[in-house]
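Please examine the model shown below.

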Amino acid sequence: MEAVNQLAQQYLERKKAELAPDVVLDPDDYPAELQKAKASIALHQVYGVDLNATAVDFAEITLWLSSMAAGLQAPWFGLHLRRGNSLIGARRAVYRRSQIMDKSWLTAPPTDVPLVDIAARVQHDSGDLTDAAGRIPHWLMPAAGWGSTAESKEARSLAPERVKEIKAWRRRATSKPSKKEVDRLVDLGYQVEELWTMAYRRLTIAEQQTRRQISLWGQHPDDSPARYVTREQIEESLADPDGAYQRLRLIMDAWCALWFWPLTEDDATPPDLGEWLDVCEQILGTQREKSRTDVSRKNQEQLHPDNAWLALADQESFELYTAGAADHVREVVAEHPWLAVCQRIAHQQGFLHWQLDFAPVFGRGGFDLQLGNPPWVRPILDVDALLAEGDPWWMLAHKPSESVRKEKREATLRLPGMVDEVLDGTGDIVGLAAYVGSSMNYPVLEGLQPDLYRCFMSQLWAHQSVLGIISLVHPETHFTDEKAGCLRENAYLRLRRHWQFVNELRMYPEVHHLVSYGIHVYGPSGDVAFDQATALYHPDTVVNSYRHNGDGEEPGFKYNGHWDTRPHRSRIQRVTDDTLTIWRDLLESATTPPRRSRMVYTVNREVADVLARLAHADRVGSLGMRFSPGWHEKNDRTKGYFVQRWGVPDSWDDVILQGPHLHVANPAYKQPNPTMKSNEDWSPIDLEHLAADAIPATAYKPAGDRAKYDRDYTHWDGDPARDHYRIAWRAMAANTGERTLVSAIIPPGASHIHGVFSGGLSEVDCISVIGGVSQSLVSDFLIRSAPKATIYQRAFERLAIPPLDHPLVPALILRTLRLNCLTNAYADLWAECWDSVFEADSWTFTDHTHIELGDVTPDWSMGTPLRRDSDRRQALVEIDALVALMLGIPAEELCTVYRTQFAVLYGYDHGEGRGRYIFDANGRVIPNTVYQAWRKKGDNLSWSDRTATNASGYEYTYELPFTTYDREEDMTRAYREFERRLAGMDRS
C-alpha cells in the first residue's frame, strides 16, 4: 500500500510540473485528487501473490479501504490478487523436436517465448501461427525431477519399496519417446497455442470489463468500454473446468504436482508417458499441423463488444470439439485417479502459472514495477521438527547421544500416523528443493544450493518489462558465494542501486541484530553502472549522503559509541567494470571474468583505496598450503569417531578443538566448563599461570577404533595433517564482531571439528609468517570486506602476503611465535624458527610493556611466551604495523581501516562494551567486578574493590591507575619506528 501511496503522489507532482503554469491544481482539491489517483493505481495496476490465502484476503481489504473514493463503484481485485506459490509453476517455454529425440530436454533449460506474439495475434485478429507453434511446451514433457519425494534419506529408510517404485516409474516416464509420440507432442504444442490465445483473450476482456471509470486530474476522461459482462459471469467462466483456461491450468498443475508425488499415496499410481499423453490429448485436444492455419483464422474472427463474451465460449467449444478433447474434464479425472491426486497436490501447494494467470500483463511485455521482500530461507529438511509433531522431546533435548536419538526416533515413529507425517513433510521440502534447484526451472541458478530469495531474483528478472524496475529487500549471500558467479554477473548487469544494511537498529525486529541484508534496485540488463553503500543502519543515511558535499571525516561502523549513521558523500560508491576488475584481483583467480567476481564491501572510499593497493600483492594461495576441514561436528559424531564428554585429555593426540578454544594469536583462549550447557558455557584461561605442559579441557573425546580415527582424519598425500603445526582459525565468521579472522597456531596431535579450519606447510618458518599475517588487522579487513558466514580455504588463500625475503620478516616471526608458542608443545616450532637476530630485536616503544622482547633463547622455556595482557597487545599492534608496512599500506590508511572497519574493537579500546580493554598499572586488563567498583567510586578503591579471582581460580589485585591505550597512536608510532629500522637495513 505504501507503494500505491508514493506512486499516486508522484503522479500528481509530475503531472502538476508537466501542466504548469497553464493548469494549476487547487490545494483544496489535492486530497480528493490524490485519493482518486490511489484508487486508479490500486484497482487497475496493482498485482500481488501470496501463498497464504488469508494474506491475500487481507491485502484485498487493505486495498479496498485505502482506495475508496467518492462515487467509486465497489472494487474487485479477483483478477489481480492471487493465492499461489510464486516460485512453482509452468511457463511459456518450449523445446525443439530434436531436443526430445536426443533426450537433452531432461537437462537443458527450455527456450522462453514472450507472450507478446499472442497479444499481437489477438489485437490484430491475425491467423498467423505463434512464435511457439511447432515446438513443445516444457510442461508437456516428463521432467527429470518428477517423483523427487523419493530422493530423501528418510524416504529410503521409511518406505524403501515405494521409493523403488517411484524411481522405476520415473525411468519409464523419462525414457526416449518414439517418433510417433514426438509427433503427438508437437500436435499438442499447436493446440496449446490455440487454447492459450483463447485464455488470453478471455482474461483481457475480463480486465477491461472490471475497470472502474475514474477521472484523474490532468487527463482526458476515462474511455473505458461499457460494461457488458458481470463479475459473476467472469468468475463463472474462469472457474469452468471445461474452459480453455482451466484445461491449460489442469495440465500445468499436474506437471508440477508430479514433482511432489506423495509416497503415502496408496490408491493411485502416477502415469507413464503413454498415459500422460493420452490424458493431455483428452484434456487439451490435438490437431495436425496441416490444419493449423485454417483453424487459427476461424478462431480469430472479429469479436464485437456486444457478443465477445458469449462468442468466446462458442469459440472454445468449437476448438475443443474439433481437436477431439473430452466434453467434460471431470470424466477424464474419474478415469485416471492420479489426476485427482495431482489436483489435490496443486490445491495444497498453490502452483502459479504466471504467464497464464496474468496473461494480459505479459501480453504487454511484463511488469513495469515489481516490489518485494522474498523469504530469507532455504528449503532445508528438519526431520527433528517433523518428529516433534509427535513428541516435543525433539525440540527440547540438548545434544543427546546418538544412541538416545536412535531409541527415541524408533519410539516416535511407532506413534499412530507418524511415519506418514514424516514422509509427507519430507516430501514437501525435498520436492520444493528439487524444483527450485533444477536448472530447467531456474537456469541462472545452475549448480547452486536452493535458496528462495535467489529464485525470486531470477523470476522477477524474467517477469520484467523492457523498461521495468525491480526493488527487492533480500540477503546478499550471492555476492560472496564462490559458486554464484553466473548469478552475480546477471545481478551486476541489472543493478542500479545497492544499499547494504546491518540490522543493528532492528529495522526488522524479528531478525537477529547481526544479520545483514540489502535493498537492491534492478533495471533492464545493460552495462555495469550502479551506486552502492555498505554498512548502513538506517535508510536516511543514504538519502542524506547524496546531499552531502564530501567534506569532513569519512564514516565507519561506529561513532561516539553508537552505530555510525552519519551521511557522507564518500559512502556512495560508483561501481563499474573497472571496480569489478579490482574486486577480481582481490578475491579471484586471474582467469575469473571480472563480472563474476565476488563483491567487496567498503564503508567509504578511503578503505576502498586500501583494497586497491592489496589487489596486486602476492597471495597465501601461491605458497601451496594444504588444508583440513577437520571432523564434521554432527556427521562424524554420528559415525562414532568421537563422543561428547568433558575432560582434560591425556595428550594432544586426544584433543579435539572447537572455535572458542582459539582467539587471535592465542591457541589457549578458553576451555569448556564441565556443565557444557551451551556454546557460551566456556571460561577464559589464565596465561600467566599456564603450565608448560598444559592441555586444554575439551568437550569431545575420540571414540571407537583408534586406528580408524587416526586413519580417517585429514591426510595430505598420505601424510597425516595431525603430524604438523598448523594455522587454525574459527570457520564461523563474526563479520561485525571484534575480529572476524580469528587464527592461532596449533600443535601436532590436535584435531578439530569443522567449526575450525586449518592449513599447514612443510616449511615451519612459512607457517610463522602466514600465522603473523593472518593475525593482523589488514588480513582481517580483507576477510570482512567480502563477508560470508564461514571462512574456508578459498577465503584464507586470498590473504595478501609480503615477500618472504622482506628484511622485516624475522621481526614478524618473533612476535608471532611469542604470542602463539604458549606451551612446550611448541618447543620444536620455536627451535626450528629460531634466528639469532631475535636477541637483538626490541619493542618499537616500551610505554606499555613489562618484559624485553629480545630476551629469548634458542630453546623454548616458560619465559618464551608473552603472557601479560599489555605485552600481548603490544606484539599484536606491532604485527599490524609490520604487515601494513610490508604490504605498502600507509600508517594513516591502517588507522582508517581500524577506526572505520573494526567498530567493536574500537569500542573495547575506548573502554566500551563487555570486552573493554582497560589496563591496570601492571598491564593486566581489569575484570568486570573491579570495573564496576571503579565506575562507582573512581580511584577511591579499597584493596577488596581491586581484588578479584578469575575463572582459572587465581587471585589478582589490580593496581591504579586504570587506563585505556590508544591503538591508532600506538600503531602509528610502531609503523614509524619500523620505517626507520627498514631504512637503516637498506643503507647497510
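This is a predicted model: local features need pLDDT of at least 70, side-chain atom pairs count only at pLDDT 80 or more; totals for chains, interfaces and linings use all residues.

Residues are numbered from 1 along each chain as its sequence is written, and side-chain values use heavy atoms, with hydrogens and water left out.

A nonpolar core is a set of buried Ala, Val, Leu, Ile, Met, Phe, Trp, Tyr and Cys residues joined through side-chain atoms within 4.5 Å; buried means under 20% relative accessible area, exposed over 50%, and partly exposed in between (1.4 Å probe, protein chains only). The largest such core holds 224 residues, and those touching the most other members include Trp-139, Trp-255 and Leu-614. Helix H8 (residues 179–209) supplies the largest share of this core, 14 residues; helices (H or I, at least four residues) and strands (E, at least two) are DSSP runs, numbered from the N terminus. Another core, apart from this one, has 19 residues, among them Tyr-11 and Ile-214.

Across the whole structure there are 63 salt bridges, each a side-chain nitrogen of Lys or Arg within 4 Å of a carboxyl oxygen of Asp or Glu. In one of them, the closest N and O atoms of Asp-531 and Arg-574 are 2.8 Å apart. Because Asp-531 belongs to strand S10 (residues 530–536) and Arg-574 to strand S13 (residues 573–575), this pair ties together parts 43 residues apart in sequence. Asp-531 is buried at 10% relative accessibility, whereas Arg-574 is partly exposed at 46%.
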